[in-house]
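Me: Hey, can you walk me through this one? I'd like to go piece by piece.

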Amino acid sequence: MGKKNTKSQKSRPRRNPRALNGRGNPKVTGILPVALENATKALRGIVHAGKEYICVMRLHAPVSEEKLRKVCEEFQGPIYQRPPLKSSVKRVVRIRTVYYIDILEISGKDVLMRVGCQAGTYIRKLCHDIGEVLGVGAHMQELRRTRSGPFKEDETLVTLHDLKDAYDTWIEEGDEKPLRKVILPVEAAVAHLPKIVIRDSAVDAICHGADLAAPGVLRLETGIKRNSLVAIMTQKGELVALGEAKMTSKQILEADKGIVAKTVRVIMDRGTYPKMWSS
Amino acid sequence: MGDKRILPADVKREVLIKAEEPTNPEYGCPPNARPIEKYIQLGVINLDKPPGPTSHEVVAWVKRILKVKKAGHGGTLEP
């Protein structure tokens, strides 16, 4: 590949040639949910979901544990954050919520911590800002994502090698079992969203882009707020679409008519369920 | 402030029943019973990103390994 000669590269020399155009970080590992083909339509639920990281923050000078814990405590809750230079979004100050910071271990100037935060929170920046408030400076030394919405470090976590092995087993031996283990159904990507289960007769209309009306609803989960993302499901547990709720859980339960959720992304193919509506 | 701080994804939810009716077994099928081709078309992977490549590169590898046309990730790992 030829060397790209962009302005940003000229003005900012990089130690790592792979970190071109501000994307990616070689020291970063962990959970990267990947969706295939039609399942990519369900990604919206993951992109905006909370994340959890384990990171090593290196302080530029020692500080007392008491002070460190106090400052980390202050960074929990809503914080202002300007995206770092090396980022893919517009660099304007925005508010992000840090749900928790747990200090796991302190070893000299290295602090191992677990951070739960809203999507779009920069941990690199968080470390830098904590360093500023501490008065000694700090930077992010290492990062591992341990959660992304419903995805965790559990038995479903696989490597690229696992994928390759499972695919080869299927192609060469006709055994699809390993592939069914490394790939999860798209429904796994909405496990964290509140669900609305609908009648068979309502499914195809949703697949054609119609909004969900109250009579189509059979069951729903608590915690639905107006404008929150919901997963519209069949009784067989299939994801039909992602919707934007137009009522709260309580209102949906009591409604006889009206739009319950606006259909924002259809995942199920049309014609999977019979057409039972007239146009 | 003694309550355990959690991700919004971990909020406990209860199921509310509005109406009941059976589902016709002739249409659709439970996610794990999908034929393998369909299962892949509607598949997601809880992938452990190795150090080195960018999120974008990792997705390109997944596409190549599984021979799928389209794939996407759920948010870059610290851009």
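This is a predicted model: local features need pLDDT of at least 70, side-chain atom pairs count only at pLDDT 80 or more; totals for chains, interfaces and linings use all residues.

Me: Ok, and what area do chain B and chain A bury between them?
Reply: About 7500 Å², with 58% of it on carbon and sulfur atoms. Buried area is the accessible area (1.4 Å probe) that two parts lose on being put together, summed over both.

Me: How many salt bridges are there between chain B and chain A?
Reply: The count is six. A salt bridge here is a side-chain nitrogen of Lys or Arg within 4 Å of a carboxyl oxygen of Asp or Glu. One example is B:D10 with A:R147, at 2.6 Å from N to O.

Me: What about strands, which strand of chain A pairs with β1(B)?
Reply: That's β11 (residues 217-221) of chain A, antiparallel to β1(B) over three bridges. Two strands pair if DSSP finds at least two bridges between them. In this pairing, A:L220 stands opposite B:L16.

Me: And which strands of chain A go with β2(B)?
Reply: Strand β1 (residues 28-36) of chain A runs antiparallel to β2(B), joined by six bridges, and A:L32 sits opposite B:L47 there. Strand β8 (residues 184-185) of chain A also pairs with β2(B) in the antiparallel sense, over two bridges, with A:P185 opposite B:G43.

Me: Why is β2(B) called largely enclosed?
Reply: Because seven of its seven residues are buried. Buried means under 20% relative accessible area, exposed over 50%, and partly exposed in between (1.4 Å probe, protein chains only). Both faces are covered: B:G43, B:I45, B:L47 and B:K49 are buried on one side, and B:V44, B:N46 and B:D48 on the other.

Me: Switching to helices, how many residues of α7(A) are buried?
Reply: Seven of the eight in α7 (residues 200-207) of chain A, so this helix is largely enclosed by the rest of the structure. Among the buried ones are A:D200, A:V203 and A:C207. The buried residues pack against β9 (195-198), β10 (212-213), β13 (239-245) and β14 (259-266) of chain A.

Me: What comes after α7(A)?
Reply: A:G209 follows α7(A), and its phi is positive, near 100°.

Me: Which residue of chain B has a positive phi although it is not a glycine?
Reply: B:K67, at about 55°. Most residues other than glycine have a negative phi. B:K67 lies in the loop between α2 and β3 of chain B.

Me: Is B:K67 buried or exposed?
Reply: Exposed, because its relative accessible area is 62%. A:N227 is another non-glycine with a positive phi, about 70°, but A:N227 counts as partly exposed, at 46% relative accessibility.

Key
Residues are numbered from 1 along each chain as its sequence is written. Chains are lettered from A and ligands numbered from 1 in the order in which they are written. Side-chain values use heavy atoms; hydrogens and water are left out. Helices (H or I, at least four residues) and strands (E, at least two) are DSSP runs, numbered from the N terminus. Contact means heavy atoms within 4.5 Å.
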